[in-house]
Amino acid sequence: MSKLRILYAATEINPFLQTTKVAEFLRRLPQGMQEMGMEIRIFVPRFGIINERKNRLHEVVRLSGINIAVGEDEKPLIIKVASIPNAKLQVYFIDNEDYFHRKSVLVDKNDKFHSDNDERAIFFCKGVLETVKKLGWAPDIVHCNDWMTGLIPMYLKTTYKKDPIFKDAKSVFTIYNNEFDHKFEGDIIEKAKMLDIDDDMLKALKSADFGGFIKVGMEYADSVVKSDEDFSENLNTLFSEYSEKKQLGQVGADENLLTSYYALYNELAN
């Protein structure tokens, strides 16, 4: 089997930030795949709660400076990088002053959901793909984790479909039990649009909520996976709606985790 290139996009990773199971999963799986001979890149948002000095983040000037459109606004993209201690893994952090400098993740100190979390997700998804283009690193598999990465599979099948960097890339979307009730405001479809995308492709986003991002991810991903958590009835229903897709179903955090993902990646890439 050839040495595959795997791009991971996720909301968080140990040891830089952990608020959900995503952080543990992202710490374990990429390293496991690297040890099995795969080439890895990891992208997460640079939430303001991440201590830059302690974690030795530094800006990659040659990758920074792109403007990312979110609706009618354009925001500058800053890329930072850091290494995971005791692992030969680098993590790329997507940063922007307006979106990621507040000292919190998705909710403020009063537990109120940030009203622009949809824009932050859109900025992150577009920022990851633009940065990978600038790196000139063509992934075989793009593994998206959690709702915030849900638009990446759609962008790969539309705007970036003919791009030499992404033309052969397959996507995996893993869903986690991180549901929230918040409804986003404003025209989320206009914010999420890119080249070669019409309103109909984004119709699942009309619900302007967690489920909208999950539905788009499931619709366009080549494989959909459920994390090993207890899911709400609503999430189970959403998942089963897309069960005709090729998927691993539930992947437990056991000794089979690495071998089952290794097999899935190779199956998708070949």
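Me: What makes up residues 5-239, and how far apart are the end C-alpha atoms?
Reply: In this predicted model, the span is 30% helix and 21% strand, and its end C-alpha atoms lie 27 Å apart. The UniProt record, an unreviewed entry, places the feature "domain: Starch synthase catalytic" at residues 5-239.

Me: Why are H7 and H8 called roughly parallel?
Reply: Helix H7 (residues 210-220) and helix H8 (residues 233-241) pack at an angle of about 25 degrees. Angles under 35 degrees count as roughly parallel, and H7 and H8 are therefore given that description. Their axes are 10 Å apart, and the crossing of H7 with H8 is right-handed.

Me: Which residues make the contact of H7 with H8?
Reply: H7 contributes Phe210, Gly211, Ile214, Lys215 and Met218, while H8 contributes Leu235, Leu238 and Phe239.

Me: How do the residues of this contact divide into nonpolar, polar and charged?
Reply: Six are nonpolar, one is polar and one is charged. Lys counts as charged and Gly as polar, and the contact includes Lys215 and Gly211 of H7.

Me: What makes H7 largely enclosed by the rest of the structure?
Reply: Buried means under 20% relative accessible area. Nine of the eleven residues of H7 are buried, so the helix is largely enclosed. The buried residues are Phe210, Gly211, Gly212, Phe213, Ile214, Val216, Gly217, Met218 and Tyr220.

Me: What covers the buried residues of H7?
Reply: The cover includes helix H4 (117-135), helix H5 (152-157), helix H6 (188-192) and H8, together with strand S9 (170-175) and strand S10 (223-226).

Me: Is Asp196 buried or exposed, and how do you know?
Reply: Asp196 has a relative accessible area of 52%. Exposed means over 50%, so Asp196 is exposed. This residue lies in the loop between H6 and H7. Asp196 has a positive phi of about 65 degrees although it is not a glycine.

Me: Is Ala208 buried or exposed, and how do you know?
Reply: The relative accessible area of Ala208 is 9%. The cut-off for buried is under 20%, so Ala208 is buried. Ala208 is found in the loop between H6 and H7. Its phi is near 50 degrees, a positive value in a residue other than glycine.

Me: What kind of peptide bond joins Asn14 and Pro15?
Reply: A cis peptide bond joins them, with omega of about 0 degrees. Pro15 sits in the loop between strand S1 (5-9) and helix H1 (21-35).

Terms used
Residues are numbered from 1 along each chain as its sequence is written. This is a predicted model: local features need pLDDT of at least 70, side-chain atom pairs count only at pLDDT 80 or more; totals for chains, interfaces and linings use all residues. Side-chain values use heavy atoms; hydrogens and water are left out. UniProt positions are given in the numbering used here, feature names are shortened, and annotations may be inferred rather than shown by experiment. Helices (H or I, at least four residues) and strands (E, at least two) are DSSP runs, numbered from the N terminus. Axes are lines fitted to C-alpha atoms, for helices over the stretch in contact, and angles run from 0 to 180 degrees between N-to-C directions. Angles under 35 degrees count as roughly parallel, over 145 as roughly antiparallel, 65 to 115 as roughly perpendicular and the rest as oblique. A crossing is left-handed if the near helix is turned anticlockwise from the far one by less than a right angle, and right-handed if clockwise. Contact means heavy atoms within 4.5 Å. Buried means under 20% relative accessible area, exposed over 50%, partly exposed in between (1.4 Å probe, protein chains only).
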